Amino acid sequence: MNQHIFTVSEVMTKKPKPSNDQLQFGRYFTDHMFMMEYHHQKGWYDGKIIPYQSITLDPASMIFHYGQTVFEGLKAYATENGEIQLFRPEENIARLNRSNERMCIPEIDPELALTAIKELVKFEKDWIPDAEGTSLYIRPFIIATEPYLGVAASKQYKFIIILSPVGSYYEAGINPVKIAVETEYIRAIKGGTGEVKTAGNYASSLIAQEKSLANGYEQVLWLDGMEKKYIEEVGSMNVFFKIDGKVITPALNGSILPGVTRKSVIQLLKEWNITVEERTISLAEVEEAHREGKLEEAFGAGTAAVISPIGELACKDENLVINDRKTGKLAKKLYETLTGIQYGRIEDKFDWIDKIEL
Ligand SMILES: *Cc1c(COP(=O)(O)O)cnc(C)c1O
């Protein structure tokens, strides 16, 4: 298993670490990074931990022109008794490889990818913040590096992992957000790339995000690309509605990103004997439920925020205020259970936690 042993070169001088109250999302980076090369005649090779640094690329590198790239996002958590744990990392790696397949990027051995993540996190363990709700965000990504202007799959790639200490998403407790339904632009369409984590999805969504920010909303609610009738996602989170006691989330239909948080929420709801339906859900159904007083809660789910309650949903002709703009009971319970498991305060019944051996 020679390929699993990475060479390490350490920085001479370490950077000062941000204090807990300086932490934001994705602004600070640790002292080291992981990098591995791919060449079509060699496969993946030369995995190494090196000082965090700028990378030099040929301006003809295919990533710059045709956007052949994929990424992932997960977190490492420090527990109260000094352990470091990851939450379902095998799910992120499996998704990375599904993204690779869609984007014609060569597969990475899942065991090799997990080892790289764990080795780097362990090497940078002093960077894991320990205040309530903080964590070390892990961003693995792959870029096409062959210098060639033809439209084709690159023959060379770099797999890089960078780490960023991040603050609690909620400064003053879990807080409902204002969401605007996007009726002009679409995020994804079946057969496109919406179900994988590739840069183009996010680049094309910026215009709607900017528009909603300018109008005083925090995120957009995406509708399906064909009829603009059915609900898909909220910002870069999966979305759930609690209507008349049941929980409904859009089914994975080929244009929705299969979130690890989404999957975990569904498993928890089933464990709690709460009816959860994965199916198409139209905006009209949500509006009608609201009119009838049956829309009890709505929330987004994703790694960054964990659970993000929706307090207000701006539709074309009406503004739906949900649960009095307060965090719902179910959203709160899901948030506390997921973070409880992630930080080792609640028993990990589902075997979701992967501890890093120190
Ligand atoms: C990453 C992402 C999610 C959430 O996935 P998690 O695995 O739960 O973090 C949802 N939607 C989009 C568009 C995403 O990029």
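Reply: A definition comes first: Lys and Arg count as positive and Asp and Glu as negative, while His and the chain ends are not counted. The model discussed here is predicted.

Me: On that basis, how many positive and negative side chains does the protein chain have?
Reply: There are 41 positive and 51 negative side chains in the protein chain. The centres of these two sets lie 1 Å apart.

Me: Next, the fold. How many helices and strands are there?
Reply: The protein chain contains eight helices and 18 strands.

Me: And what is the radius of gyration of the protein chain?
Reply: The value is 21 Å, which agrees with the radius near 21 Å that a compact globule of 358 residues would have. Along the principal axes, the C-alpha atoms fill a box of roughly 60 × 50 × 35 Å.

Me: What share of the contacts joins residues 24 or more positions apart?
Reply: Such residues account for 71% of the contacts in the protein chain with a separation of 6 or more.

Me: Turning to the surface, what percentage of the residues counts as buried?
Reply: Of the 358 residues, 53% count as buried. The protein chain exposes about 16900 Å², and carbon and sulfur atoms supply 49% of that area.

Me: How many disulfides are there?
Reply: The count is zero.

Me: Is C104 buried or exposed?
Reply: C104 is exposed, because its relative accessible area is 52% and exposed means over 50%.

Me: And C315, buried or exposed?
Reply: C315 has a relative accessible area of 9%; buried means under 20%, so C315 is buried.

How values were computed
Residues numbered from 1 in each chain as written. Predicted model: local features only at pLDDT ≥ 70, side-chain atom pairs only at ≥ 80, totals over all residues. Heavy atoms only, no water. Helix = DSSP H or I, 4+ residues; strand = E, 2+ residues; numbered from the N terminus. Rg over C-alpha atoms; globule rule 2.2 N^0.38 Å. Buried < 20%, exposed > 50% of the residue type's maximum accessible area, 1.4 Å probe, protein only. Contact = heavy atoms within 4.5 Å. Areas by Shrake-Rupley, 256 points an atom, 1.4 Å probe, with all protein chains shown as cover. Charge placed at Lys NZ, Arg CZ, Asp CG, Glu CD. Disulfide = S-S within 2.5 Å.
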